[in-house]
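I opened this entry to record what I looked up in the model. My notes follow the order in which I checked things.

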Amino acid sequence: MVLHQMHPQHKCDKCSKMYFRVQDLKEHVNTAHAGQEFPCGQCAYVGKSARALKHHGLLHDPPKLSCTKCSERFRWRSQLAAHSCK
Ligand SMILES: [Zn+2]
Ligand SMILES: [Zn+2]
Ligand SMILES: [Zn+2]
């Protein structure tokens, strides 16, 4: 009787876990490594999507708009418009 050596053949390239079946490896990747990560270059934030990171990046952007009367600064034109100072 031949004893088959049971070594898992399918290795996860993200955490080097080994799986016997491709199916299991795929499932592992889908659950354990779901989605890509988009780390912010300026802080510890890690976004789940490029869009989330881009939105986050606004925080590091100084507001460009400023009120001419009180020099308060705003990120959005609508905020500036809503801002009423006398
Ligand atoms: Zn893995
Ligand atoms: Zn950041
Ligand atoms: Zn103002």
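I began with Ser-16. I found Ser-16 in the loop between strand 1 (10–11) and strand 2 (18–19). Helices and strands here are DSSP runs numbered from the N terminus: helices are H or I with at least four residues, strands are E with at least two.

Before going on, I noted the ground rules. This is a predicted model, in which local features need pLDDT of at least 70, side-chain atom pairs count only at pLDDT 80 or more, and totals for chains, interfaces and linings use all residues. Residues are numbered from 1 along each chain as its sequence is written, while chains are lettered from A and ligands numbered from 1 in the order in which they are written.

**Backbone angles**

I looked up phi for Ser-16. Phi is positive, about 55°, although Ser-16 is not a glycine. Is Ser-16 buried or exposed? Ser-16 is exposed, because 7 other C-beta atoms lie within 10 Å. The cut-offs I used count other C-beta atoms within 10 Å of a residue's own: 20 or more is buried, 12 or fewer is exposed, in between is partly exposed, with C-beta atoms placed from the backbone.

I then turned to Ser-71. Ser-71 sits in the loop between strand 5 (65–66) and strand 6 (73–74). Phi of Ser-71 is positive too, near 55°, and this residue is not glycine. I counted 7 C-beta neighbours inside 10 Å, so Ser-71 is exposed.

**Whole chain**

I listed the elements next. The protein chain has three helices and six strands. From the N terminus I read them as β-β-α-β-β-α-β-β-α. The radius of gyration is 25 Å, well over the 12 Å that the globule rule gives for 86 residues, so the chain is more spread out than a compact globule. That radius is taken over C-alpha atoms, and the rule is 2.2 Å times the number of residues to the power 0.38.

I checked the spans of the C-alpha trace. Along the principal axes they are about 95 × 20 × 10 Å. How much of the chain is made up of buried residues? Buried residues make up 0% of the 86.

I also looked at contacts, meaning residue pairs with C-beta atoms, placed from the backbone, within 7 Å. Among contacts between residues at least 6 apart in sequence, 0% join residues at least 24 apart.

Domain 1 covers 7–33 and domain 2 covers 37–86. The bounds come from an automatic or database domain assignment. I noted 40 Å between the two domain centres, taken over C-alpha atoms.

Trp-76 lies in the loop between strand 6 and helix 3. Trp-76 is exposed, because 12 other C-beta atoms lie within 10 Å. Its C-alpha is 7.1 Å from that of Leu-65, 11 residues away along the chain.

Arg-77 belongs to helix 3 (residues 77–82). It has 10 C-beta neighbours inside 10 Å, so Arg-77 counts as exposed. Arg-77 and Leu-65 are 12 residues apart in sequence, and their C-alpha atoms are 7.0 Å apart.

Ser-84 is in the segment after helix 3. With 7 C-beta neighbours inside 10 Å, I noted Ser-84 as exposed.

Key:
Contact = placed C-beta atoms within 7 Å.
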